[in-house]
Amino acid sequence: MTEKIESKNASGWICNRCNLPLELQKIRLQYFRVIFALDLPACPGCGMILIDEELATGKMAEAEQVLEDK
Amino acid sequence: MDDFMGKAPSNETESLCPVCLKRIKAARLFQGDEVFLVKECMDHGSFRTILWRGEPSMTEWRRPKPPVHPDLCYGTVEKGCPFDCGLCDAHEQLPCSVLIEVTDRCNLHCPVCFADSGRGESADPSLDKISWLLERAMAAAGPCNLQLSGGEPTLRDDLPDVVKLARGIGYSFIQVNTNGLRLAADKDYVRRLHAAGLSSVFLQFDGVDDAIHRILRGRSLLDHKLQAVRNCGATGLGVVLVPTVVRGVNTSAIGAILRQGLQLAPTVRGVHFQPISYFGRFPDHKVDEGRFTLPELMRCLEEQTGGLVRVSDFSPPGCEHAHCSFHATYMQTFDGGLRVIGAAEGDNCCSAVSGAGGVKRTVETVSRRWSLPPAMPSSQCLPIYNATSSCCGIGHDPTRIEGDLDLDVFLREAAVRTFTISAMTFQDAYNLDLERLRGCCISVISPDGKLVPFCAYNLTGMGGKGLYRRRDGLRSQW
């Protein structure tokens, strides 16, 4: 759960559970065999990671389509 | 054996007598690390054919799918499998690929030919006839992948018109199965095929040593094959190398073939190995001698590439029966590294895929993997390595890459840099397993407009009699 202050960078987001500002962290996302490394806003307290809609429906959806196997 | 309902898989199945082609009971017999198909015909005796040898075991090589029956069937169940193909409504998978033979003519006369082509007994079907056949296939099978085959389809001067026709009917992925001789000799023809909408070229490619071509095809061919790849690449047409694998002929060249394919990327999109099956035309001697089973091929790929690819990379298919094939997808890095990106281990065994869903995913995935992206500048179609010679052994040796991947780099490179390694083993009168046949997703549209599973269409008895293919182009009467 987050409260949005700004939408452009991690410092604009606050974790509602921990009341801590999100920080950009090195995150590893695994889909089948592939692990993508990218910087994403994450809560330093509980570890919650924020994946915004643009990323989820954009690049991640595209990657998923490429990796889709028969 | 590939049971979806949770029942313990049975090793009892059915097959045909290789002499009289009558349906008989059969069983998969496990002996040590080998699996044989054993069967007995009351009139013609017992038969035993190797199916599987070694690891990964046949038992663990599973990917169960619930049966899906075709909605529109041109065949009616009367005599039972495999005599009623059309498809009939007892078939248990939808087609993901339809093959049409656009000519019986051929400019080679290979000692091994699943279609026994080149007899010159039937005229090429007209464009009107082809249109009728493709419309029928579309009505029953939907917009699945289309294979233009033969004979040698590039002997038709109007093959680009066939491609245009197929596009107009609604086929979006169209491949041609070819020996490449004309593609090597006629750049304008290649351009016309590409302009007409051809998606991919499946190029017969049995080795990087012409001694292999002389045995399997009757003449030296390597220069023509490499030129065909270059001409396709210059036009933006992707190529898949298709070796027929025969034990003792080119089984020690598996690694070399793969390395050659990698050197010719991104024009070459993958290598699709086909262990020999004994149907159509084949040398008349002990048939089991040349067989090379799927697990042997997987292990061979790992051994002969020094671990560049690994047995654990490969997965059974989501569309056809598990024992028909394996595949893995890789990404090449700009400096020649190779990274596996296909399905993870552990997904092989019990990840159930619905039959219809498996077909749709296959159609889309095949299109991505086996064709080059549209509107690529021709400079991007050149091989990764700046090697003036494409012969194996010149250029960098690829290295296996593991570890994290940058998402942006992946998305930028993936369309061009993926490379698929796969294999499909067809069935013949000796090793035919009707359970596998009912799960087949590759159908031939026969001259009389019926869809027949590929292995059934090409199946040939010991005396040369076809189950479905007749010499005059009509179907055998059963």
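Predicted model: local features only at pLDDT ≥ 70, side-chain atom pairs only at ≥ 80, totals over all residues.
## A salt bridge between B:Asp158 and B:Arg156

B:Asp158 and B:Arg156 form a salt bridge in which the closest N and O atoms are 2.8 Å apart. Side chains of opposite charge can pair when their charged atoms come close.

The two partners differ in their surroundings. B:Asp158 is partly exposed, with a relative accessible area of 23%. B:Arg156, in contrast, counts as buried because its relative accessibility is 4%, and buried means under 20%.

## Other salt bridges in chain B

Over all chains, the structure holds 23 salt bridges. Another of them joins the side chains of B:Glu34 and B:Arg53, with a distance of 2.8 Å from N to O. This pair links distant parts of the chain: B:Glu34 belongs to strand E3 (residues 34–41) of chain B and B:Arg53 to strand E4 of chain B, 19 residues apart. B:Glu34 is partly exposed, at a relative accessible area of 22%, and B:Arg53 is likewise partly exposed, with a relative accessible area of 22%. The pair also takes part in a network of salt bridges that links B:Glu34, B:Arg53, B:Arg247 and B:Glu296.

A further salt bridge is found between the side chains of B:Arg191 and B:Asp188, where the N to O distance is 3.9 Å. Why are B:Arg191 and B:Asp188 separated by about one helical turn? The reason is that they are three residues apart in helix H4 (residues 187–196) of chain B. B:Arg191 counts as partly exposed, at 47% relative accessibility. B:Asp188 is also partly exposed, and its relative accessible area is 40%.

## Chain B as a whole

The secondary structure of chain B consists of 13 helices and 17 strands. Of the 478 residues in this chain, 62% are buried. The chain exposes about 17,900 Å², and carbon and sulfur atoms supply 52% of that area.

The contacts within chain B may be described by how far apart the partners lie in sequence. Among contacts between residues at least 6 apart in sequence, 73% join residues at least 24 apart.

## The second largest cavity

How many cavities of 30 Å³ or more does the structure hold? There are six of them. The second largest cavity has a volume of about 200 Å³.

This second largest cavity is lined by 19 residues. Those nearest its centre are B:Ile50, B:Leu51, B:Thr425, B:Asn431 and B:Arg436. Strand E4 (residues 45–53) of chain B gives the largest share of the lining, namely three residues.

Most residues other than glycine have a negative phi, and most peptide bonds are trans.

The peptide bond from B:Gly150 to B:Gly151 is cis, and its omega is near 25°. B:Gly151 is placed in the loop between strand E6 (145–149) and helix H2 (159–169) of chain B. The peptide bond from B:Ala265 to B:Pro266 is cis as well, with omega near 0°. B:Pro266 occupies the loop between helix H7 (254–263) and strand E11 (268–275) of chain B.

## Positive phi angles

In chain A, A:Asn19 has a phi near 60°, which is a positive value in a residue other than glycine. A:Asn19 lies in the loop between strand E2 (13–15) and strand E3 (20–21) of chain A.

In chain B, the phi of B:Leu21 is near 60°, again a positive value in a residue other than glycine. B:Leu21 is located in the loop between strand E1 (12–16) and strand E2 (23–31) of chain B.

Is each of these residues buried or exposed? A:Asn19 counts as exposed because its relative accessibility is 61%, and exposed means over 50%. B:Leu21 counts as buried because its relative accessibility is 2%.

Notes:
Residues numbered from 1 in each chain as written. Chains lettered and ligands numbered in written order. Heavy atoms only, no water. 1 Å grid on protein atoms, 1.4 Å probe; cavity = no way out; pocket = protein on both sides within 12 Å on 5 of 7 lines; lining within 4 Å. Points joined across faces, edges and corners; volume = space filled by probe spheres on them. Helix = DSSP H or I, 4+ residues; strand = E, 2+ residues; numbered from the N terminus. Buried < 20%, exposed > 50% of the residue type's maximum accessible area, 1.4 Å probe, protein only. Contact = heavy atoms within 4.5 Å. Areas by Shrake-Rupley, 256 points an atom, 1.4 Å probe, with all protein chains shown as cover. Salt bridge = Lys/Arg side-chain N within 4 Å of Asp/Glu carboxyl O.
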